[in-house]
Amino acid sequence: MMMYAQDYDERFPNWRTLTPVTPDTPNGKITWVENMQPYCKNKKIWFCPSDADARNNAVTQNSYWLNAYVFRWSGLDAAKPPSATLAEIPYPASTILYCDGPANDGQHVWPGPPTEWCGTTAACLRGQERHSGGINFTFCDGHVKWYKVSQLRSTVTPDDSNTDTVPGLLGLGNRKRSNDGSNPWWRL
């Protein structure tokens with residue numbers, strides 16, 4: 001991901017780009033997983049070895065969820081802004097880039113931990129707790145660290161609603177406060 005950003009003027013890849021259905025794009029989309037192929041050469045690295053759901057699902061492309069604040073649901077349509085650049089992230093060492101999540105087809109981009117957005121279904125809980133009750137988080141500066149979800153900032157601050165663009169893009173009313181640089185967090 002960091003090599004991609006360096007090659008593209010420090011901009012992270014789009015979450016998904018809709019394309020015509022062809023033999024090369026049978027699903028009619030190019031996800032961030034495909035964008036990583038020149039750097040990874042193997043899509044299987046996006047499967048967590050502890051993710052039994054991914055191994056048993058034919059449509060699964062990965063076991064990870066992207067941060068919607070960084071990837072902004074980019075590429076969904078022309079009205080959505082592109083993904084963020086490194087310069088737009090004031091606290092890259094504490095801003096989550098992606099993390100363990102339920103098995104998916106490469107389209108899961110969320111502004112919070114998996115159970116916050118997909119509930120307490122078994123797949124969501126397994127995705128959030130498959131590593132000794134916690135999640136491996138990759139941060140915007142490239143480092144990875146394990147945390148329990150309870151260690152993340154999770155306070156919603158209504159006063160911050162004017163600066164939180166992702167819920168506006170998604171049509172949601174849930175607003176999170178900005179990252180202060182001292183805790184692992186989703187907001188920029």
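A: In this predicted model, the buried residues of helix α6 are Cys 124, Gly 127 and Gln 128. Around the axis of α6 these residues span an arc of only 95 degrees, and they therefore lie on the same side of the helix.

Five strands form an open sheet in the order β5-β3-β4-β6-β7, and their pairing is mixed. The edges are taken by β5 (109–110) and β7 (144–147); each has a single partner strand, so one side of each is left without a neighbour in the sheet. Helix α6, which comprises residues 122–129, packs on this sheet and touches β4 (96–104) and β6 (135–139). The direction of α6 makes about 140 degrees with that of β4.

The pairing can be followed from strand to strand. In general, strands of a sheet pair through backbone hydrogen bonds, either parallel or antiparallel. Strand β3 (residues 62–67) runs parallel to β5, and two bridges join them. Within that pair, Asn 67 stands opposite Trp 110 of β5. Towards β4 the arrangement of β3 is antiparallel, with four bridges between the two strands. Here Leu 66 stands opposite Tyr 98 in β4. Strands β4 and β6, both touched by α6, are also joined to each other: they run antiparallel and share three bridges. Cys 99 has Phe 137 in β6 as its bridge partner.

Strand β4 deserves a separate remark. Of its nine residues, eight are buried, so β4 is largely enclosed by the rest of the structure.

The nonpolar interior comes next. In soluble globular proteins, nonpolar side chains tend to be buried together. Here the largest nonpolar core has 35 residues, and those with the most contacts inside it are Met 1, Phe 12, Phe 71 and Phe 137. Two or more residues of this core come from each of α1 (2–7), α2 (32–40), β3, α4 (68–71), β4, β5 and β6. Phe 137, one of the residues with the most contacts inside the core, is also the bridge partner of Cys 99.

Phe 12 shows how such a residue is surrounded. Leaving aside residues up to four places away in sequence, Phe 12 touches a set of residues that includes Met 1, Met 2, Tyr 4, Ala 5, Val 70, Phe 71, Leu 97 and Cys 140. Ser 83 is also among the residues that Phe 12 touches.

Ser 83 belongs to the loop between α4 and β4, yet this loop residue is buried, with a relative accessible area of 0%. Its C-alpha atom is separated by 5.6 Å from that of Asn 14, although the two residues are 69 residues apart along the chain. With residues up to four places away in sequence left out, Ser 83 touches Arg 11, Phe 12, Pro 13, Asn 14, Trp 15, Val 70, Phe 71, Arg 72, Ser 74 and Glu 88.

Elsewhere, the loop between α1 and β1 (16–18) contains Asp 9, which is exposed at a relative accessible area of 72%. The phi angle of Asp 9 is near 55 degrees, a positive value in a residue other than glycine. Glu 10 lies in the loop between α1 and β1 as well, and it has a positive phi of about 65 degrees although it is not a glycine. Glu 10 counts as partly exposed, at 39% relative accessibility.

The protein contains seven helices and seven strands, which follow the pattern α-β-β-α-α-β-α-β-β-α-α-β-β-α along the sequence. Of its 188 residues, 45% count as buried. Among contacts between residues at least 6 apart in sequence, 63% join residues at least 24 apart. The accessible surface of the protein comes to about 9000 Å², and carbon and sulfur atoms account for 53% of it.

Terms used. Residues are numbered from 1 along each chain as its sequence is written. This is a predicted model: local features need pLDDT of at least 70, side-chain atom pairs count only at pLDDT 80 or more; totals for chains, interfaces and linings use all residues. Side-chain values use heavy atoms; hydrogens and water are left out. Two strands pair if DSSP finds at least two bridges between them. Contact means heavy atoms within 4.5 Å. Axes are lines fitted to C-alpha atoms, for helices over the stretch in contact, and angles run from 0 to 180 degrees between N-to-C directions. A nonpolar core is a set of buried Ala, Val, Leu, Ile, Met, Phe, Trp, Tyr and Cys residues joined through side-chain atoms within 4.5 Å. Buried means under 20% relative accessible area, exposed over 50%, partly exposed in between (1.4 Å probe, protein chains only). The arc is that of the directions from the helix axis to the C-beta atoms. Accessible areas come from the Shrake-Rupley method with a 1.4 Å probe; for residues, only the protein chains shown count as cover.
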